[in-house]
Amino acid sequence: MPIVRLKESRIEALEPRRSPYDIRDRELKGFGVRVLPSGRKRFFVHSQHEGRRLWKTVGDASAMSLDEARRRATELLAAIRRDDGAPALPEDRLFEAVAEEVFSRYGRHWKPGTKKVNRNYLRNTILPRFAGMNIADIGKEDVRRWFASLRATPVAADRSLPILSVIMRQAEIYGYRPEGSNPCTGFRRYRRKGRERFLSEQELRRLGLVLDSREARHPREAAFIRLLLLTGCRKSEIGTLQWSDYREGRLFLRDGKTGPRTVWLSSPARDILGGFPRRGKWVFPSPQTHGPVSMTIFETFWRRIREEAGLAQVRLHGKRWGRPTYLIYRE
């Protein structure tokens, strides 16, 4: 972190980068200016007190002079050292700190896989823009600019916006933002043409012929694909299916993405499960472990048969359920 003698001219010359960065003042220890990706600049003080890291915003560089900021910073640092509990401004709530608190407290409502995906979007798409900002200062215009900057990656934009919205909503609940101030409301997601379609009868026939030709050597993989097509379940739901989940001609899914639910099976789906040997608890057990087989095996099999069936540009996706879907998403 650079340490220089701050001057008005030097502050004005600071250019924004993709991530926030700080410039510390050589004259007053603990005082500095943070430059945000939006171009906004904030004076801050940073101090260690009784083992705690204290970060407080002094003010916006566009709204106060350097002399005024340095004077206020001196008062804040003195208040911290006195521990009199009455600093001039409330403690800053940096976005990244609040986001981590939300993931820790609210994240228990997410499934482990969902939480992992959400954290990836937080790290790769959200934090590069909002890290270093006070959670209370993020407004609708900040979100609009960020969302517009993701136009080239609409999937990432559409999946990141709800995560950011949850962080903002929880920040209100935790008292870090005013009630009803969520800046993520009212945004329309990007339209992605050609994202989904159903296989035609001709394509289904081609796929069925390829599955028939591979079934003798790969009965497990062929059954997996057929069950996806016949039930509309998600890949994870079929891949982790247990024999105890199948009874009375139905699947009783205990932990689906939308919660516990029942899937009524057609005769062909029941025939597939009825022809499987019941060895252990899993319908598709792993020969190496005591758990279900790795999803990579099924995905590799699908990539091979889709080429042969002339479906090279599509992939299975069990987003819809409750009836045979044959839903295909383009890659």
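Me: Why does Arg119 count as partly exposed?

Reply: Arg119 has 27% relative accessibility. Partly exposed runs between the buried limit of 20% and the exposed limit of 50%, so Arg119 counts as partly exposed at 27%. Bear in mind that this is a predicted model.

Me: What makes Arg119 and Glu100 a salt bridge?

Reply: Their side chains meet at 3.2 Å, N to O. The cut-off is 4 Å between a side-chain nitrogen of Lys or Arg and a carboxyl oxygen of Asp or Glu, so at 3.2 Å the pair of Arg119 and Glu100 qualifies. The pair links distant parts of the chain, with Arg119 in helix 4 (residues 112–130) and Glu100 in helix 3 (residues 95–105), 19 residues apart. Glu100 is partly exposed too, because its relative accessibility is 41%.

Me: How do you know that Glu68 and Arg72 meet in a salt bridge?

Reply: N to O, their side chains come to 2.9 Å.

Me: Why do residues four places apart in an α-helix point the same way?

Reply: An α-helix has 3.6 residues a turn, so residues three or four places apart end up pointing the same way. As for accessibility, Glu68 counts as partly exposed because it sits at 24%, and Arg72 does so because it sits at 33%.

Me: What makes Arg70 and Asp25 a salt bridge, and where do they lie?

Reply: The closest N and O atoms of Arg70 and Asp25 are 3.2 Å apart. With a limit of 4 Å, that makes the pair a salt bridge. Arg70 comes from helix 2 (residues 66–82) and Asp25 from strand 2 (residues 21–25), so the pair links distant parts of the chain, 45 residues apart. Arg70 and Asp25 are both buried. Salt bridges also link the two into a network with Arg5 and Glu27. By this rule the structure's salt bridges come to 22.

Me: What joins the side chains of Asn182 and Ser165?

Reply: A polar contact of 3.1 Å. The limit there is 3.5 Å, so a value of 3.1 Å passes.

Me: How do you know that Cys184 and Cys233 are buried?

Reply: Cys184 has 7% relative accessibility, so it counts as buried, and Cys233 counts as buried because it has 1%. The buried label calls for under 20%.

Me: How many disulfides does the structure hold?

Reply: The count is 0. To be counted, a pair of cysteine sulfur atoms would have to lie within 2.5 Å.

Me: Where is helix 4 kinked, and what covers its buried residues?

Reply: The kink, of about 40°, is centred on Leu122. Leu122 is one of the buried residues of helix 4, along with Asn118, Tyr121, Thr125, Ile126 and Phe130. Their cover includes helix 3, helix 5 (140–149) and helix 6. Just after helix 4, Gly132 takes a positive phi of about 90°.

Note on methods. Residues are numbered from 1 along each chain as its sequence is written. This is a predicted model: local features need pLDDT of at least 70, side-chain atom pairs count only at pLDDT 80 or more; totals for chains, interfaces and linings use all residues. Side-chain values use heavy atoms; hydrogens and water are left out. Buried means under 20% relative accessible area, exposed over 50%, partly exposed in between (1.4 Å probe, protein chains only). A polar contact is a pair of N or O atoms within 3.5 Å; within protein, one must be able to donate a hydrogen and the other to accept it, and residues adjacent in sequence count only if both atoms are side-chain atoms. Helices (H or I, at least four residues) and strands (E, at least two) are DSSP runs, numbered from the N terminus. The bend at a residue is the angle between axes fitted to the seven residues ending there and the seven starting there. Contact means heavy atoms within 4.5 Å.
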